[in-house]
Amino acid sequence: MRKEAAELNTAGKYEPGLRENGIPEDVLQKLLPGDDVIELQEPVVGGGLGYRFVKRAFDIVACGCALIVLAIPMAVIAVKIKRESPGPAIYSQERVGKDGKPFKVYKFRSMYIDAESRGAQWAQGDDPRVTPFGRMMRKTRLDEIPQFWNIVKGDMSLIGPRPERPAFCEEFEKRIHGWGYRTKVRPGLSGLAQVTGGYDLLPREKVLLDMEYIERRSIRMDVSIILKTLGVVSTGEGAR
């Protein structure tokens with residue numbers, strides 16, 4: 001049940017229009033099993049002024065350099081996507097950022113352009129809407145590369161709680177009071193929850209790790225998460 005819920009939650013990150021179309025009830029039941037309500041204590045944001053300056057400077061320099069170095073590979077990926085199926089190479093999707101402000105997150109398109117011609121659908125293990133190259137991108141996380149631009153812009157950080165979709169935030173808050181505390185810091189490309197529990201964590205488990213990161217975040221912790229993330233990417237573990 002946990003694995004199925006995680007697959008649905010992860011697959012939904014590629015679904016457009018969730019704010020407009022809502023979330024299927026059976027999906028919510030799997031993501032939020034039972035009828036208990038969790039009360040979270042507001043976390044004290046860790047990391048002093050020096051840490052925040054270094055973190056932001058590193059985000060800008062590291063991701064700015066990455067965009068320059070990866071410019072040609074990104075162009076090759078874009079051409080490959082366009083050749084495999086018509087449509088834009090990069091698409092955007094609304095997520096909830098710091099202080100609850102919405103922003104557009106960017107990804108390489110991994111689905112056929114007419115994937116939602118019959119309305120929003122939920123992906124399965126061998127989703128026919130995913131292109132062959134798109135499946136490879138998801139496994140290696142190459143579809144996430146455009147988010148380096150989100151980081152340079154200041155929408156995100158390399159490390160932090162993963163940004164969630166508005167529709168899911170609204171539903172999770174009903175059962176996890178304090179879910180919105182995750183937005184007290186910038187969302188991240190990777191985070192403690194992703195390298196600790198992977199994609200098989202339910203929202204109520206993930207949010208506890210997010211709270212732990214917010215309270216204990218430091219340069220040492222960020223470096224540790226970056227190294228663990230590189231390990232996850234190299235093995236393709238947890239890809240959807």
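How many aromatic pairs does a search of the whole structure find? It finds two. The model is predicted. The table sets out both pairs.

| Aromatic pair | Geometry | Centre to centre | Angle between planes |
|---|---|---|---|
| Phe 168 and Phe 172 | edge-to-face | 5.5 Å | 75° |
| Phe 172 and Trp 179 | edge-to-face | 4.8 Å | 70° |

**The aromatic cluster**

Ring pairs join Phe 168, Phe 172 and Trp 179 into a cluster. Phe 168 and Phe 172 both belong to helix α8 (residues 166–175). They are four residues apart, about one turn of the helix. An α-helix has 3.6 residues a turn, so residues three or four places apart point the same way. Phe 168 and Phe 172 are buried, and Trp 179 is buried too.

The charged end of Arg 165 lies over the ring of Phe 168, 3.9 Å from its centre. Arg 182 lies over the face of Trp 179, at 4.5 Å from the ring centre.

**Helix α11**

Helix α11 (residues 219–235) has 17 residues. At 1.5 Å a residue they should span 24 Å, and the end C-alpha atoms are 25 Å apart, which agrees.

Which residues of α11 are buried? They are Met 221, Asp 222, Ile 225, Thr 229 and Val 232. These residues cover an arc of only 95° around the axis, so they lie on the same side of α11. Arg 220, Leu 227, Leu 230, Ser 234 and Thr 235, on the other side of α11, are exposed. The cover over the buried residues includes the helices α4 (49–69), α9 (192–196) and α10 (203–216). It also includes the strands β4 (157–159) and β6 (188–190).

How values were computed
Residues are numbered from 1 along each chain as its sequence is written. This is a predicted model: local features need pLDDT of at least 70, side-chain atom pairs count only at pLDDT 80 or more; totals for chains, interfaces and linings use all residues. Side-chain values use heavy atoms; hydrogens and water are left out. Rings of Phe, Tyr and Trp (its six-membered ring) pair if their centres lie within 6.5 Å; planes under 30 degrees apart count as stacked, over 60 as edge-to-face and the rest as tilted. Helices (H or I, at least four residues) and strands (E, at least two) are DSSP runs, numbered from the N terminus. Buried means under 20% relative accessible area, exposed over 50%, partly exposed in between (1.4 Å probe, protein chains only). A charge sits over a ring if NZ of Lys or CZ of Arg is within 6 Å of the ring centre and within 35 degrees of the ring normal. The expected span of a helix is 1.5 Å times one less than its number of residues. The arc is that of the directions from the helix axis to the C-beta atoms. Contact means heavy atoms within 4.5 Å.
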